[in-house]
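Trainee: I am new to this structure. Please take one residue and its surroundings, and walk me through them closely.

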Amino acid sequence: MFIVKCPGCGKEQKTQPRPGLVTSKTKRCVYCGRNFKIHGSMPKSRIVKKV
Ligand SMILES: [Zn+2]
C-alpha cells in the first residue's frame, strides 16, 4: 500500500499496486479524476510513503 499525491489537486490518497507493476501503474485520482503515473523511483514518484 502506498500513499500517493495527486499532481492535479495535491490530495493524498492510498493505492495498492500489484507487486512488480509499480512503474506501470496508473492511478486515477478519487478527488478530481485525473490519471497520473506512479513512478518506481522515489525522486520522481508521486508516492509520499509506503504503508
Ligand atoms: Zn486529484
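Mentor: Start with the contacts of Cys29. Leaving out residues up to four places away in sequence, Cys29 touches Cys6, Gly8, Cys9 and Arg34. Contact here means that the C-beta atoms of two residues, placed from the backbone, lie within 7 Å.

Two notes before going on. Residues are numbered from 1 along each chain as its sequence is written. The model is predicted: local features need pLDDT of at least 70, side-chain atom pairs count only at pLDDT 80 or more, and totals for chains, interfaces and linings use all residues.

Now place Cys29 in the chain. Cys29 sits in the loop between strand E3 (26–28) and strand E4 (35–37). Strands (E, at least two residues) and helices (H or I, at least four) are DSSP runs, numbered from the N terminus. The chain has five strands and zero helices. From the N terminus, the elements read β-β-β-β-β.

Of the 51 residues of the chain, 4% count as buried.

Next, go from Cys29 to Gln13. The two are 16 residues apart in sequence, and their C-alpha atoms are 7.9 Å apart in space. Gln13 lies in strand E2. Gln13 is partly exposed too, because it has 17 other C-beta atoms within 10 Å. Not counting residues up to four places away in sequence, Gln13 touches Val4, Cys6 and Val30. Lys27 is 14 residues from Gln13 in sequence and 10.0 Å from it, C-alpha to C-alpha.

Strand E1 (residues 2–5) and strand E2 (residues 12–15) run antiparallel, joined by four bridges. Two strands pair if DSSP finds at least two bridges between them. Val4 stands opposite Gln13 in E2. Ile3 stands opposite Lys14 in E2. E1 and E2 form a hairpin with six residues between them. In its turn, Gly10 has a positive phi of about 80°.

Now the other side of E1. Three bridges join E1 to E5, again antiparallel. The bridge partner of Ile3 in E5 is Lys49. Put together, the open sheet has three strands in the order E2-E1-E5, with antiparallel pairing. Its edge strands are E2 and strand E5 (47–50), each pairing on one side only. The twist averages 25° from one strand to the next. Axes are lines fitted to C-alpha atoms, for helices over the stretch in contact, and angles run from 0 to 180 degrees between N-to-C directions.

Finally, the whole chain. Among contacts with a separation of 6 or more, 37% are between residues 24 or more positions apart.

Note on methods. Buried ≥ 20, exposed ≤ 12 C-beta atoms within 10 Å, placed from the backbone.
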